[in-house]
Amino acid sequence: SSNPHSEPKTTHSTSRRPVRDYVFPFLTKRSLLLVGSILEIAAFLLIVLLKKPMVSLLTTAFISSCFLTYRFLLWEGTWPDHCACLGKLTELFSISEETAGVVSLALALYLFIGSLCSYYLHSQVTHVESHHNSHI
């Protein structure tokens, strides 16, 4: 009954132990959200500062694949928990955690599939243009 993933049943907030993540038990859920936020900021900076379409698409594919892999591992482990991917937005917009889970999964799938398809299309256009220019 000393599950490191469950919150203690105490009423004193000062005696609460940090809740460990199921997928990465060496991290607390709070520290995992921090790591995710840092990854998102790094991706944002890469996309905005470099302004290179291929880098932007690969960065989007990479970060969305990280989120999808985490969600898959959470699901595969059949842990009775939800992904707190949207943080406090569920409370702010008064949506259920189940709805938030579906929305965050749909967004990650959309970003992953969309970025890979766009990368493929962009690489095809670039290849055709370079082939066309070499014959001029």
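Residues here are called buried under 20% relative accessible area, exposed over 50%, and partly exposed in between, with a 1.4 Å probe and protein chains only. By that scale F26 is exposed, at 62% relative accessibility.

The model is predicted, so local features need pLDDT of at least 70 and side-chain atom pairs count only at pLDDT 80 or more, while totals for chains, interfaces and linings use all residues. Residues are numbered from 1 along each chain as its sequence is written, and side-chain values use heavy atoms, with hydrogens and water left out.

**Overall fold**

The chain holds four helices and zero strands, in the order α-α-α-α from the N terminus. Helices (H or I, at least four residues) and strands (E, at least two) are DSSP runs, numbered from the N terminus. The chain has 136 residues, and 21% of them count as buried. Its accessible surface is about 10,200 Å², with 68% belonging to carbon and sulfur atoms; such areas come from the Shrake-Rupley method with a 1.4 Å probe, and for residues only the protein chains shown count as cover. Among contacts with a separation of 6 or more, 47% join residues 24 or more positions apart, where contact means heavy atoms within 4.5 Å.

**Aromatic pairs**

Three aromatic pairs are found in the whole structure. Rings of Phe, Tyr and Trp (its six-membered ring) pair if their centres lie within 6.5 Å; planes under 30 degrees apart count as stacked, over 60 as edge-to-face and the rest as tilted. Two of the pairs are tabulated.

| Pair | Centre to centre | Angle between planes | Class |
|---|---|---|---|
| F24 and F26 | 5.9 Å | 70° | edge-to-face |
| F72 and W75 | 5.7 Å | 45° | tilted |

F24 is partly exposed, with a relative accessible area of 29%. Ring pairs also bring in Y70, giving a cluster of F24, F26 and Y70.

F72 and W75 lie three residues apart in helix α2 (residues 53-76), so about one helical turn separates them. F72 is partly exposed at 44% relative accessible area, and W75 is exposed at 60%.

**Surface patch**

A nonpolar surface patch is formed by I41, F44, L45, V48 and L49, with about 490 Å² of accessible area together. I41 is placed in helix α1 (residues 29-50). Patches are made of residues with over 30% relative accessible area and no salt bridge, like charges being joined within 9 Å and nonpolar side chains (Val, Leu, Ile, Met, Phe, Trp, Tyr) within 5 Å. A salt bridge is a side-chain nitrogen of Lys or Arg within 4 Å of a carboxyl oxygen of Asp or Glu.
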